[in-house]
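Me: Take a close look at the helix packing for me. I'd like the geometry and the residues behind it.

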Amino acid sequence: MKNAILDRSPIIEQLSDGLTIIAQQMPVEAVNLNLWIDVGSALESDRINGMAHFLEHMVFKGTDRLENGEFERLIEEKGAVTNAATSQEYTHYYITTAPKYFAELAPLQLDVVLNPNLAEDAFEREKSVILEEIRRSQDSPSRRSFQLAMETCFESLPYRRPILGKAAIIENLRSQQMRDFHDYYYQPKSLVASVVGNLPAEKSIKIVAEGYELVKGKTIAQNQKTISKKQNILPAEAPFNSIVRREYSDPKLQQARLILLWRVPGMAELEKTYALDVLAAILGQGRMSRLFRELREDKKLVDRISASNISQTIQGCFYISAMLPSKNLAETEKEIIDRIRKIQNEPIATKDIDRIRTKVANRFIFANERPASRANLYGYYYSLFRDLEPAFKYCDRIQALEALDLQEAAREYLNPDAYGVVIIRPEITN
């Protein structure tokens, strides 16, 4: 399975002002352009929390060359698709189109990202859309639960804040603040353009480079500040030193939620994340995982249970979540902790490790088979590391893990006597 994700190496080219273009040909009749910007909600100050996501919306409101709605119309006329997403640490925009239309549409994508109008009237109209999205998110049990969990896991790191921001903050944002935010962060040295699809890589690079030269605005041309996320890196928080318990009631829920949390290494300590990825799969990913099989199938304690290793840059969060009847909360927490102790004290059988390593590695490969997902992968890793080797070597790192590696990681990072707990009951308790 060595380097199974690669059929040919991508080409990486950096333009004179810092824009990086990554391109790879893939024999699928589509081309995806993914534009990655090194800014998300974690880089915002508290007073403008939600700005990165708000800006993602405003990018599609027109430029000096394109009227509001014209970009989407031109995309749809060619049968292409476009979308965007904002995370804690990145914002990315993408189009997927037929190869024959790529040279026509790529400059349009670059134009809307680099040169949004950000007019006052459009800003105020879109503000109501953002506020409605915040209200909808608050109506989602899973989003509410996750937000409470992040606020418990992180006391000071910005990962505790919602990506969408809070309504009170959004209501007071001004369009000039957004223009300043865009001018500061949306610089070529902070931008990675990743192209994957059925065009020669050299041709894709040429199209993107020429499109960029055509549309780059005066702000980009004149404002050549260097933006580095490392300037904003905060120290990781210390692991929990006791059991930190937060309990809530939510009458909108049908069943209780139980979430267990550990502060673990993030992508800044990449080598420490691999074993945690595998431990999450062993504990709670799929019908063969220990928590699903033993707590749901055998003991009937939960209706749903899963585990994940959330790997942000500064610090990660090992996250176990269950949906269950309230009467089973205490027993389920004890059973989860017992399973972690067992991993710490009893080596995992070789056959189980072989199965899980293969599952984790294959899931990584299968998730990156399409042009859009491959371009996304390259954009993410290059934005984070300025290097694609960690992406290429992920499967090798997973396959190299042995029982002792997993046992040591569980002992070091999943303390059964010190962790965060979030309990949300559907009924009000006294």
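Reply: Start with H1 and H7, which are roughly perpendicular to each other (that label covers 65 to 115 degrees; under 35 is roughly parallel, over 145 roughly antiparallel, the rest oblique). Bear in mind that this is a predicted model, where local features need pLDDT of at least 70, side-chain atom pairs count only at pLDDT 80 or more, and totals for chains, interfaces and linings use all residues. Residues are numbered from 1 along each chain as its sequence is written, and side-chain values use heavy atoms, without hydrogens or water.

H1 spans residues 51-58 and H7 residues 175-185 (helices are DSSP runs of H or I, at least four residues, numbered from the N terminus). Their axes sit 10 Å apart at about 90°, each axis being a line fitted to C-alpha atoms over the stretch in contact, with angles from 0 to 180 degrees between N-to-C directions. Met51, Ala52, Phe54, Leu55 and Met58 of H1 meet Gln177, Met178, Phe181 and His182 of H7 (contact is heavy atoms within 4.5 Å). That contact has 7 nonpolar, 2 polar and no charged residues.

Now for H3 (residues 102-114) and H8 (residues 201-215): their axes come within 9 Å and cross at roughly 45°. That makes H3 oblique to H8. On the H3 side, the contact uses Phe102, Ala103, Ala106, Pro107, Leu110, Asp111 and Leu114; H8 brings Ser204, Ile207, Val208, Gly211, Tyr212 and Val215. Leaving out residues up to four places away in sequence, Phe102 touches Val31, Leu33, Thr97, Pro107, Val195, Leu199, Ser204, Ile207 and Val208.

Definitions and conventions: Helix = DSSP H or I, 4+ residues; strand = E, 2+ residues; numbered from the N terminus. Nonpolar A, V, L, I, M, F, W, Y, C, P; charged D, E, K, R; others polar.
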